[in-house]
Amino acid sequence: MKKILISECLYGERAVRYDGGKIPLTDPILLRWKAEGRLVPVCPELLGGLNVPRAEAQRRGDRVMTRDGDDVTAAFEAGAAEALRIAVSEQAAFALLKDSSPSCGVKRIHDGSFSGQKIAGRGLTADLLTSSGFRVFSEDGTEDALSFLVMLETAKIE
């Protein structure tokens with residue numbers, strides 16, 4: 001059975017978001033994968049040593065900054081490295097990550113101005129996983145992720 005790395009905030013059990021909020025797990029595909037024991041939840045921000053709640057942070061180029069100007073890049077990089085280590089050790093087939101996050105954003109991230117504007121881009125963990133050869137999907141791509149999983153599990157190895 002193929003394992004899937006997932007942003008812990010999408011997993012639905014613990015409140016790990018920066019604001020202490022919790023996202024309920026309602027997607028039927030994710031619910032099935034969870035029941036099957038496929039999902040490996042990770043929160044790169046917690047893995048990097050940050051707490052819940054924590055200061056909102058946004059990516060500005062290669063740095064991650066809080067609204068107050070604190071540079072939290074080192075924690076985000078450490079968390080990304082730990083998420084990659086877990087993905088490798090669990091032999092994850094791919095990752096399903098929370099879009100718009102400075103860690104897990106797959107297609108878009110906040111623009112760094114704390115104005116609510118989003119731009120095309122990836123978070124540090126999504127970048128690291130992608131550059132390390134992992135396929136990465138956002139939470140709005142569960143159908144594509146399912147198709148990819150079916151293809152992986154039905155591919156014949158010659």
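How many nonpolar, polar and charged residues does the lining of the largest pocket have? The lining has 11 nonpolar, six polar and eight charged residues; Ala, Val, Leu, Ile, Met, Phe, Trp, Tyr, Cys and Pro count as nonpolar, Asp, Glu, Lys and Arg as charged, and the others, Gly among them, as polar.

## Basis

This is a predicted model, in which local features need pLDDT of at least 70 and side-chain atom pairs count only at pLDDT 80 or more, while totals for chains, interfaces and linings use all residues. Residues are numbered from 1 along each chain as its sequence is written, and side-chain values use heavy atoms, with hydrogens and water left out.

## Largest pocket

The volume of the largest pocket is about 390 Å³. Its lining takes in 25 residues, and R17, Y18, E45, S101 and P102 lie nearest its centre. Two or more lining residues come from each of α1 (8–11), α3 (44–47) and β3 (57–60). Helices (H or I, at least four residues) and strands (E, at least two) are DSSP runs, numbered from the N terminus.

A pocket is an open set of points on a 1 Å grid over the protein atoms alone, where a 1.4 Å probe fits, with protein on both sides within 12 Å along at least five of seven lines; lining residues have an atom within 4 Å of a point. Grid points are joined across faces, edges and corners, and the volume is the space filled by probe spheres set on the points.

## Helix contacts

Helix α4 (residues 73–89) and helix α5 (residues 124–131) have axes that come within 9 Å and cross at roughly 40 degrees. This angle makes α4 oblique to α5 (under 35 degrees is roughly parallel, over 145 roughly antiparallel, 65 to 115 roughly perpendicular, the rest oblique). Axes are lines fitted to C-alpha atoms, for helices over the stretch in contact, and angles run from 0 to 180 degrees between N-to-C directions. T73, F76, E77, A80, A81, A83, L84 and A87 in α4 meet L124, T125, L128 and L129 in α5, contact meaning heavy atoms within 4.5 Å. Nine nonpolar, two polar and one charged residues make up this contact.

The axes of α2 (residues 28–36) and α6 (residues 142–154) also come within 9 Å, crossing at roughly 45 degrees. That makes α2 oblique to α6. I29, L30, R32 and W33 of α2 contact T142, E143, A145, L146 and L149 of α6.

## Backbone

The V52 to P53 peptide bond is cis, with omega near -10 degrees, and P53 lies in the loop between α3 and β3. S100, in the loop between β5 (92–97) and β6 (108–110), has a positive phi near 80 degrees.
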